[in-house]
Amino acid sequence: MREKENIYARILGFCFHILLDVMFVFFILEGYTYSYNLAYRLFGDLPATVMSTQTMRVTIDEGSSAKQVADELKLKGVIDDSYVFMARVYLGKYSNRIVSGTYILGPGMSPDQICRTICGIRSEEAS
């Protein structure tokens, strides 16, 4: 009887280790997928809505932070994700260059085009 219990314990332990390995692989793959999608949205410079011709007026108040601007753009539907846009603003070193005013923006514009517009940069050579 003791030998039978020992075999069951080994089988149960083996199954538990297999389950842990499968969960580990699952979490690794999920982490990779999330990281890839985040990097693609951040560095891909893709508009919120491809081929959209819709435009709207967006007003940026004096002294607005990058977060406030990103939240306003998200609220108006110009961007999909305010956190990805904020990361784009900080990585592109646009955060201290945002100029207050009223702008015509749309979801068909890329994040880089939006950043250049709200920073008053006219040329393609941003930075």
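Modeller: Before we start, helices here are DSSP runs of H or I with at least four residues, strands are DSSP runs of E with at least two, and both are numbered from the N terminus. This is a predicted model: local features need pLDDT of at least 70, side-chain atom pairs count only at pLDDT 80 or more, and totals for chains, interfaces and linings use all residues. Residues are numbered from 1 along each chain as its sequence is written, and side-chain values use heavy atoms, with hydrogens and water left out.

Biologist: Thanks! In what order do the elements of the protein chain run from the N terminus on?

Modeller: The chain has four helices and two strands. Reading from the N terminus, their order is α-β-α-α-β-α.

Biologist: The globule rule gives 14 Å for 127 residues, so what is the radius of gyration of the protein chain?

Modeller: That radius is taken over C-alpha atoms, and the rule is 2.2 Å times the number of residues to the power 0.38. The C-alpha trace spans about 85 × 30 × 25 Å along its principal axes. The chain is more spread out than a compact globule, because its radius of gyration is well over the rule's 14 Å, at 24 Å.

Biologist: What percentage of the 127 residues of the protein chain count as buried?

Modeller: Buried means under 20% relative accessible area, exposed over 50%, and partly exposed in between, with a 1.4 Å probe and protein chains only. On that scale, the buried part of the 127 residues is 25%.

Biologist: And what percentage of the accessible surface of the protein chain belongs to carbon and sulfur atoms?

Modeller: Areas come from the Shrake-Rupley method with a 1.4 Å probe, and for residues only the protein chains shown count as cover. Of an accessible surface of about 9300 Å², the carbon and sulfur part is 59%.

Biologist: Among contacts between residues at least 6 apart in sequence, what percentage join residues at least 24 apart?

Modeller: A contact means heavy atoms within 4.5 Å. Of the contacts between residues at least 6 apart, those joining residues at least 24 apart make up 63%.

Biologist: Let's look at single residues. Is Val-50 buried or exposed?

Modeller: Val-50 sits in the loop between α1 and β1 (56-60). Its C-alpha atom is 22 Å from that of Arg-122, 72 residues away along the chain. With a relative accessibility of 60%, Val-50 counts as exposed.

Biologist: What is the phi of Met-51?

Modeller: Most residues other than glycine have a negative phi. Met-51 belongs to the loop between α1 and β1 and is exposed, with a relative accessible area of 76%. Although Met-51 is not a glycine, its phi is positive, at about 65 degrees.

Biologist: What is the phi of Asp-45?

Modeller: Asp-45 is found in the loop between α1 and β1. With a relative accessible area of 26%, Asp-45 is partly exposed. Asp-45 is not a glycine, yet it has a positive phi of about 55 degrees.

Biologist: Which residues is Ser-110 in contact with, leaving aside its neighbours within four places in sequence?

Modeller: Ser-110 is in the loop between β2 (101-105) and α4 (111-118). Its relative accessible area is 9%, so Ser-110 is buried. Beyond its neighbours within four places in sequence, Ser-110 is in contact with Asp-45, Leu-46 and Pro-47.

Biologist: How far apart in space are Leu-105 and Ile-60, C-alpha to C-alpha?

Modeller: Leu-105 is in strand β2 and is buried, with a relative accessible area of 0%. Not counting residues up to four places away in sequence, Leu-105 touches residues including Val-58, Leu-73, Val-78 and Ile-114. Leu-105 and Ile-60 are 45 residues apart in sequence, and their C-alpha distance is 12 Å.

Biologist: And how far apart in space are Ile-60 and Gly-101, C-alpha to C-alpha?

Modeller: Ile-60 lies in strand β1 and, at 5% relative accessible area, is buried. Leaving aside neighbours within four places in sequence, its contacts include Val-69, Tyr-103 and Gly-101. Ile-60 and Gly-101 are 41 residues apart in sequence, with a C-alpha distance of 5.3 Å.

Biologist: One last thing: where in the secondary structure does Leu-105 lie?

Modeller: Leu-105 has Ile-118 and Met-56 among the residues that it touches, not counting those up to four places away in sequence. Its own place is in strand β2.
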